[in-house]
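Me: I would like to go through a structure with you, step by step. Could you start with the terms and then take my questions in turn?

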Amino acid sequence: MLWITWRQHRVEGVWVLIATTLMSAAAIFVTYKLGHPGCPAGIPGGDICLQADPAGTVAQWILRVNLVNYGIVILPALAGAFIGAPLVAREIENGTHRLAWTQGVTRVRWIFAKLSLLFVPLLAASAVVGVLEVFLIDAMGSQPNHWNWFDQQAPLTVAATVFALALGVAAGAMIGRSIPAMAVTLVGVVATRFTLAVFVRAHYMNPILFSSHDPFSLNGSLGADPSAWWLDQPSYQDAAGHTIGQLEALRITGGGSPTDLPTYWKDHGISIVQYYQPGDRFWTFQTIESGILLALAIVLLGLAIYWVTRRVS
Amino acid sequence: MIAPIEATGLGKRYGKTWALQNCSIRVPVGRIAALVGPNGAGKTTFLHLAAGLIRPTTGEVRVFGRTPQEHRLLLLDRVGFVAQDTPMYSQFTVADMMRFGRELNLRWDQKVVETKLRSLNIPFDREIAKLSGGMRSQVALALALGKNPELLLLDEPVARLDPLARREFMQGLTEAVAENGTSVLLSSHLVADLERVCDYLIIINGGRVQVAGDIDDLLAAHRLLVGPRIHEDTRPPGVEVVRAQHTERQSSLWVRGKVSVLPAGWREETLPLEELVIAYLSAPAAGTLAKPQLEVA
């Protein structure tokens with residue numbers, strides 16, 4: 001099965017190799033460049049300062065278009081659509097499943113062999129790129145908040161790859177045609193990751209309520225805890241704990257110079273509040289979201305195996 | 001001896017349509033059996049059921065005494081199957097396909113395949129997509145034979161071949177199975193090609209089995225009676241009319257059984273296989289109830 005699978009999917013194999021090499025090279029290159037900044041100390045050059053030579057320009061360009069950061073989110077979905085979805089679907093489409101499944105190998109063995117030979121190299125590839133990405137994010141040190149790069153971290157990258165491939169294989173087995181299965185996979189991966197990121201992620205653990213009488217304590221949410229994930233927008237509460245508008249808060253406190261505001265607010269019981277997830281929960285959250293994707297992947301793989309062994313044809 | 005294929009009450013329904021219904025067939029061992037019927041008669045469905053590719057809705061099919069859906073491990077190595085349109089990996093070369101067969105089958109006989117393909121002058125380094133229809137079918141057959149199967153199932157193996165390639169294919173098949181005593185069931189809607197090769201005939205029509213029996217027995221049991229015009233409802237005694245055709249002055253009756261004394265003015269002709277098949281196919285109601293092989297046995 002090893003040889004057969006390689007012979008059947010070597011084109012995809014080459015694409016994976018190219019994509020992985022490009023992503024790794026880009027990540028290593030930019031990481032290296034960030035470690036050797038071009039501007040002399042003391043010159044305010046913004047967050048990232050790279051040398052003005054051609055290599056620096058290229059690195060700057062890679063950073064500006066976020067090649068690595070976008071690639072690492074997009075590539076798992078593409079792998080699911082272009083490698084996972086056709087795995088079974090193309091056999092059914094071409095009728096070759098009638099050839100493959102009447103040889104001296106049971107369908108269970110056939111699908112397990114295919115899946116393992118598909119998953120092992122792609123997991124290795126996503127792990128390599130994911131880890132390099134972690135180094136890259138670290139190198140972009142002036143943006144310390146990891147929550148902004150939550151989707152690009154290594155655990156989630158690997159889990160997303162597993163999930164996308166599983167969805168692709170299951171959709172391909174159940175639909176039996178490559179193109180629709182690819183579309184379902186792309187939409188499914190994007191929808192799942194979007195839903196998790198936007199609607200679910202904030203609720204993995206109960207957020208903590210930040211509350212202060214100093215209206216400037218949040219300083220754009222970064223002042224209080226730069227490593228935290230600040231949810232929604234800050235709001236204001238009166239002494240009774242009711243949410244009030246910013247104008248209302250200012251009206252109650254009256255005028256006064258900015259330096260007096262904390263005292264004023266304290267006297268009137270007004271506070272600025274915002275929910276947040278503290279920075280030390282970052283890896284717990286990574287584990288939870290990766291776990292959700294992996295659990296979904298296991299269900300989908302079970303479905304794919306069931307469909308291949310019991311339902312198809 | 002356990003029958004290579006034994007179906008009882010076998011039926012397969014897709015949605016509301018029955019592709020195959022109440023089908024009971026016993027394919028004898030060591031024979032080349034032909035599964036004949038018009039397009040959409042259920043031939044492919046029957047072969048897929050026997051190959052274990054699909055599950056029956058009703059009844060069961062047993063291959064060497066076991067259901068192929070449940071005993072894949074035991075049966076897959078013993079059964080060779082060539083699906084309709086001979087699906088193969090079009091990017092593979094002939095040599096790749098041989099390796100495919102070798103890696104997936106325990107009983108693989110590389111020499112048989114190589115010898116056969118060499119004798120047909122099929123280049124091993126050619127891609128499947130670039131083979132002619134005849135070569136492609138031969139490669140598919142060689143791969144199935146390479147499994148050294150005890151039962152060979154072929155779904156319309158010659159449907160897309162020209163007459164010469166058809167003859168070559170059938171010849172190759174006969175030679176190959178004669179050596180090992182392999183049982184064969186092949187489906188076709190081209191009856192002319194079967195006569196030389198097959199010795200057992202199963203006619204299915206509209207998802208039902210119409211006729212099943214030894215071809216020699218069937219030929220011996222059927223006659224064409226031609227005589228002066230008779231009334232359409234007239235049934236000659238002692239025979240069963242499969243099909244009747246009446247012109248202004250003449251009546252033709254395709255009958256099963258023997259007429260002891262031919263009435264004056266009537267003559268009796270033997271039926272070529274193709275005529276026999278067409279007689280049944282054009283009269284779907286005939287033969288479904290009484291099975292001819294029981295009468296001639």
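Reply: Two residues are in contact if their C-beta atoms, placed from the backbone, lie within 7 Å. This is a predicted model, in which local features need pLDDT of at least 70 and side-chain atom pairs count only at pLDDT 80 or more, while totals for chains, interfaces and linings use all residues. Residues are numbered from 1 along each chain as its sequence is written, and chains are lettered from A and ligands numbered from 1 in the order in which they are written.

Me: Which residues does A34(B) touch, not counting residues up to four places away in sequence?
Reply: A34(B) touches L186(B), S188(B), L194(B), C198(B), Y200(B), L201(B) and I202(B).

Me: And how many residues are in the largest nonpolar core?
Reply: The largest nonpolar core has 149 residues. Such a core is a set of buried Ala, Val, Leu, Ile, Met, Phe, Trp, Tyr and Cys residues joined through C-beta atoms within 7 Å. A residue is buried if 20 or more other C-beta atoms lie within 10 Å of its own, exposed if 12 or fewer, and partly exposed in between, with C-beta atoms placed from the backbone. The residues with the most contacts inside the core are A166(A), V169(A), A33(B), A34(B), L153(B) and I202(B).

Me: Which helix gives the largest share of this core?
Reply: Helix α6 (residues 154-175) of chain A does, with 16 residues. Helices (H or I, at least four residues) and strands (E, at least two) are DSSP runs, numbered from the N terminus.

Me: Let us turn to the sheets of chain B. What is the order of the six strands?
Reply: The open sheet has the order β5-β6-β7-β3-β8-β9 in chain B, with mixed pairing. Two strands pair if DSSP finds at least two bridges between them. At the edges stand β5 (79-82) and β9 (208-214) of chain B, each with a single partner strand, so one side of each has no neighbour in the sheet. On average, neighbouring strands of this sheet are turned by 15° against each other, direction ignored. Axes are lines fitted to C-alpha atoms, for helices over the stretch in contact, and angles run from 0 to 180 degrees between N-to-C directions.

Me: Do β3 and β8 of chain B run parallel or antiparallel?
Reply: Strand β3 (residues 32-36) and strand β8 (residues 200-205) of chain B run parallel and are joined by four bridges. Within this pair, L35(B) stands opposite I202(B).

Me: Which helix packs on that sheet, touching β3, β6, β7 and β8 of chain B?
Reply: Helix α1 (residues 43-50) of chain B does; its direction makes about 150° with that of β6(B). Helix α9 (residues 273-281) of chain B lies across β3, β8 and β9 of chain B, at about 25° to β8(B).

Me: Why is α1(B) described as largely enclosed by the rest of the structure?
Reply: Eight of the eight residues of α1(B) are buried, so the helix is largely enclosed. Among them are K43(B), F46(B) and H48(B). After α1(B) comes G52(B), whose phi is positive, near 80°.

Me: What about L53(B): is this residue buried or exposed?
Reply: L53(B) counts as buried because 21 C-beta neighbours lie inside 10 Å. The residue is found in the loop between α1 and β4 (58-63) of chain B.

Me: Now chain A. How many helices and strands does chain A have?
Reply: Chain A has ten helices and five strands. Buried residues make up 35% of its 313 residues.

Me: How do α1 and α3 of chain A cross?
Reply: The axes of α1 (residues 2-35) and α3 (residues 67-94) of chain A come within 11 Å and cross at roughly 170°. The two helices are therefore roughly antiparallel to each other; angles under 35 degrees count as roughly parallel, over 145 as roughly antiparallel, 65 to 115 as roughly perpendicular and the rest as oblique.

Me: Finally, how many residues of chain B are in contact with chain A?
Reply: 22 residues of chain B are in contact with 17 residues of chain A. The largest share of the chain B side, five residues, comes from α3(B).
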